[in-house]
Amino acid sequence: MVSGTKYAMAGVAALAIAAAPLALSSSSAIAASHAQIKHVLLISVDGMHQSDLDWYVVHYPHSELARLATGGAEYTNAKTADPSDSDPGGTAIMTGADPKLTGIYYDDEYSHGVFPPGTTNCSGPVPGGDVIYDSPDDKLPAVPDLLNNGSGNTFPSFDEGGSIYPGGVDKNPALIMNLSPHPQSGLNPATYPVNPKTCKPIQPWDYVGVNTIFQVIHNAGMRTAFAEKHAIYSSFNGPGSNGMSIDDFFAPEIDSQAVEPNGVPYPVDGAWTDDNAATKQYDSYKVQAVINWINGYMHSGKGPKVGTPAIYGMNFQTVSTAEKLKSSPAVLIGPNKEGLYTEGPALRGGYITVDGQQVPGPLLRSALNFVNAALQQMADTIQADGEAGSTAIILTAKHGQSPLNDNQLQRINDGPIIAGVNAAWAAKNPGSPTLVVQEADDDGLLWWLSDRSQAATDFVKNYLWAHTAPAVNYAGQTITVQHSGLRKIFAGHQSANFFGVPFSDPHHPDVFGIAQVGTIYTTGSKIAEHGGDNPGDRDVPLVVYAPGTVQPRQSNRPVETTQIAPTILKLLGLSPRSLEAVRREGTQVLPGLALGR
């Protein structure tokens, strides 16, 4: 048990706190009740660290985040799945399994056990192929720039397949609330990897190696709902579900062009993640979906009441973009009498140093305040609907972000490194296929090779370790980085052992590199990323709040976000052993909750 003094931090007076959150917390008004939990609200604040929650509780002790943390079971030593990308991280929460069982290492990955997308003749040896379950899978993946400025920019459709906006032309983003509860209808199976046994595209939910909480809860006759950033995350439905174990899945495409409420694209001329004010607007649609679920409606808020789901929730993107963007407006102001909007001043993104500690900078503080206000709105609605005593709230993050210190930032273009490896291999092995067939490099390195032999993977490892690379630091200066920006490399059998799978497993990366803290593989301007194995990537909050069922406590015992899945089932009175991950991997319910009944 960690003492409550963990919230004592130096430098409190030195900070100028912007946009203070509302003071109420209806969580505090929730009366103790020993009634069985009937609903679980699951929140992932993507990018949030445990240190962010610590800081926020100190500075806003009467906030909703503070009341959840101090009024629930808080695990201060929680880690995400590894790698810490959104897809493996989110899938781990929903299944209770690490990538060794789910088979999901990234949203853009590769498998040696599939045929490439588009294959119609599956005779002969299985060649391997790309496994990309991401926004390129949309039926409308390239809607022309709505500004009509000749930029040549294209974006996937906000509604995935043009079901709301003909041709993907979004002139009223609020209409996204009318999105289908099964938006995977807007996806293009021709982009999926192909199953060697059936020679048919593998649906995203069927690629997942184990069942999910949504299947268990749905099969128990309870309603299920969730809101995410891509329709392709309908993979959370789980294998064999036909994509239908989540009764209401709300997934506006976050990579679509950001459009102000009046239908005018944001000045940044980018996606919802390229402007933090836009990300807040995007997240607000999912917040409204959660409010509608609490009130017993479908995510649109229309039609007859169907009852509050047993499991429901959402992910927030606002904190993540506030950590990644070097600067951005935080608020959208308006409309004025002409119906037009303007943005507030650009604020510095990421973290700042105060008394030797890294603390949220102004843009990130604004993002945390936004999340806090949204959580408070949800708690108010739960209280007003009389569901406070029967609702548990779980707060976590499917990934963190790294680095937290701008002085550590080193942005590396991995293109020349990949080309160098391929050229060196070709020179040594004339006529051989291109060696690196797929990569997933954000702030870690995952490579899949055409030659999986130990000799080939060692060749790559040795090249990467001997290679120096130019990098761009926070100030825009070019510096030289050793070992391709990595601090440890696992090749071939080493990579398989790291992930706990046999070498013959077709999914795991053939080469896995842990980056030096601060390394980001990009040609852009972002100042943080996730997907790697550094503390900033994996150290996330984990709080279970259920007054009358879960006693307030704080533990520094190591736990993982995989343990959320069996904990949810236990809270709902279902058997954690219904999850394959529990039976095969031994995933445990979070400790110390006293949920036996």
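This tour moves through the structure stop by stop, naming what to select and what is found there.

The model is predicted: local features need pLDDT of at least 70, side-chain atom pairs count only at pLDDT 80 or more, and totals for chains, interfaces and linings use all residues. Residues are numbered from 1 along each chain as its sequence is written, and side-chain values use heavy atoms, with hydrogens and water left out.

**The nonpolar cores**

Begin by selecting Ile-43, Phe-250, Phe-316, Leu-375 and Met-378, the residues with the most contacts inside the largest nonpolar core, which has 64 residues. A nonpolar core is a set of buried Ala, Val, Leu, Ile, Met, Phe, Trp, Tyr and Cys residues joined through side-chain atoms within 4.5 Å. Buried means under 20% relative accessible area, exposed means over 50%, and partly exposed lies in between (1.4 Å probe, protein chains only).

Now centre the view on Leu-375. Apart from neighbours within four places in sequence, Leu-375 is in contact (heavy atoms within 4.5 Å) with Ile-43, Glu-64, Leu-65, Leu-68, Phe-316 and Leu-395. A second, separate core has 50 residues, among them Val-216, Phe-249, Ala-565 and Leu-574.

**Helix α2**

Select residues 64-71, which form helix α2; six of its eight residues are buried, so the helix is largely enclosed by the rest of the structure. Helices (H or I, at least four residues) and strands (E, at least two) are DSSP runs, numbered from the N terminus. The buried residues of α2 are Glu-64, Leu-65, Ala-66, Leu-68, Ala-69 and Gly-71. To see what covers them, display elements including α1, β2 (73-75), α9 (362-384), β17 (391-396) and β27 (542-545). At the start of α2, a side-chain oxygen of Ser-63 comes to within 3.1 Å of the backbone nitrogen of Ala-66.

**Asp-52 in helix α1**

Next, select Asp-52, which is found in helix α1 (residues 50-59).

Not counting residues up to four places away in sequence, Asp-52 touches Gly-47, Glu-323, Tyr-351, Pro-360 and Leu-364.

**Salt bridges**

By the rule above, the count comes to 12 salt bridges. Select Lys-79 and Asp-539, whose side chains meet in one of them (2.6 Å, N to O). Lys-79 lies in strand β3 (residues 78-79) and Asp-539 in strand β26 (residues 539-540), so the pair ties together parts that are 460 residues apart in sequence. Lys-79 is partly exposed at 28% relative accessibility, and Asp-539 is partly exposed at 25%.

Move to Arg-538 and Asp-82, a salt bridge with its closest N and O atoms 3.8 Å apart. Arg-538 is in helix α13 (residues 535-538) and Asp-82 in the loop between β3 and α3 (86-95), 456 residues apart. Arg-538 is buried at 13% relative accessibility, and Asp-82 is buried at 12%.

Finally for this stop, select Asp-46, Glu-228 and Lys-398, which are linked in a network of salt bridges.

**Aromatic pairs**

The structure holds 20 aromatic pairs. Rings of Phe, Tyr and Trp (its six-membered ring) pair if their centres lie within 6.5 Å; planes under 30 degrees apart count as stacked, over 60 as edge-to-face and the rest as tilted. Select Phe-158 and Trp-272: their ring centres are 5.2 Å apart and their planes at 35°, so the pair is tilted. Phe-158 is buried, with a relative accessible area of 2%, and Trp-272 is buried at 0%.

Trp-425 and Phe-459 form an edge-to-face pair, 5.2 Å centre to centre with 65° between the planes. This pair links helix α10 (residues 415-428), which holds Trp-425, with helix α11 (residues 454-466), which holds Phe-459, 34 residues apart.

End by selecting Phe-158, Tyr-165, Tyr-266, Trp-272, Tyr-282 and Tyr-285, which form one aromatic cluster.

Conventions:
Polar contact = N/O pair within 3.5 Å; in protein donor to acceptor, adjacent residues only side chain to side chain. Salt bridge = Lys/Arg side-chain N within 4 Å of Asp/Glu carboxyl O.
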